Amino acid sequence: MGQTTQVPRPRTDSKGAAPEARRRPASPLGVPPGGARERAAWAFLAPVTLYLVLFYAYPLYRNLDLSLRHYTVRSFVQGDAPFTGLANYRTVFDDPTFAPALLHTVVFTGVCLVFQYSIGLVLAVFFNQHFRLSATLRALFLVPWLLPLIVSASTWSWMLNSDSGIVNAVLHAIGIGPVNWLTSPSWSLTSVIIANIWIGVPFNLVVLYSGLQSIPGSLYEAAALDGAGPWRRFWSITFPLLRPVSAITLLLGLVYTLKVFDIIWIMTKGGPADSSTTFATWSYQLGFGNLLPAFGPGAAVGNLLVVAALVFGLVYVRVQRKQALS
């Protein structure tokens, strides 16, 4: 009888799987394991990284370089400006415009944030009642946000005009004398604050309204059964549960308001007599508003705004981290 040759069978474990199969888990998306997967991940990250480097990192670096050198028009073109260290920052701090511009920036930002958030929250709670035409009215409130800023600022300039503005016409009709909204040092900052509040309320409305949609209605029903009135339900349920959304709304509003330029420039150009000058308009005036531009001091003022935004951003991240740990 001929002998039959038996082919050795691969060793398997107790579950019937070969050790080689267990050592090579299948990729969930069909991407080969190891280096190929890492290369695929970097390929997806490359466009975002390139975008951040070109449009964020490089402009910040150039602005920092401008603030540390003495640039003139010739050296700005040829690129041979001498290094001066912190001299431009000392020039900015010693400038008599620094203190008023700092005060105006703080007042403009603080007042706008308070009123934009408060009005936006009231409107969000109001539209959360889901009455008839609520969707239509909510859409109409988005108009200031959708209009180009140059259109909004020009409209407010016409409305607040001392001679032909509709605001003074209404004041005259009720027996109040005209107000020089845009040409009086006492009213110019108030005028741009009013315009910016009107433009920023829709953003707060949209974000806060979205936050209200995530609050379960059962909480309000349980509170109503316990005898809680509207104010009690707002302070015990709505406001506490809106804190994460409120934090990001205020942070984004702060960063945006710090750098508001076009509204102020179109309405008052920072005047009269620098009465509505903020860091944003002052930076532009230094860099581009004179026959002999001061690129270095202008970049220094811009960097102060960047540092302020970064500080508040880090504070927000720290607070959110503490809340997550607690």
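I'll start with W198, which lies in helix α10, residues 188-213. Helices here are DSSP runs of H or I of at least four residues, strands are runs of E of at least two, and both are numbered from the N terminus. This is a predicted model, where local features need pLDDT of at least 70, side-chain atom pairs count only at pLDDT 80 or more, and totals for chains, interfaces and linings use all residues. Residues are numbered from 1 along each chain as its sequence is written, and side-chain values use heavy atoms, leaving out hydrogens and water.

Buried means under 20%, exposed over 50%, and partly exposed in between, with a 1.4 Å probe and protein chains only.

Now the protein as a whole. It has 16 helices and 0 strands. Of its 326 residues, 33% count as buried.

The largest nonpolar core has 35 residues, and F108 and M267 touch the most other members. Such a core is a set of buried Ala, Val, Leu, Ile, Met, Phe, Trp, Tyr and Cys residues joined through side-chain atoms within 4.5 Å. Helices supplying at least two residues each include α5 (98-127) and α14 (262-267). Helix α10 gives the most, with 11 residues. There is also a second, separate core of 16 residues, and V92, F279, W282 and A300 are among them.

Last, M267 again. Leaving aside neighbours within four places in sequence, M267 is in contact (heavy atoms within 4.5 Å) with residues including W156, L182 and A195.
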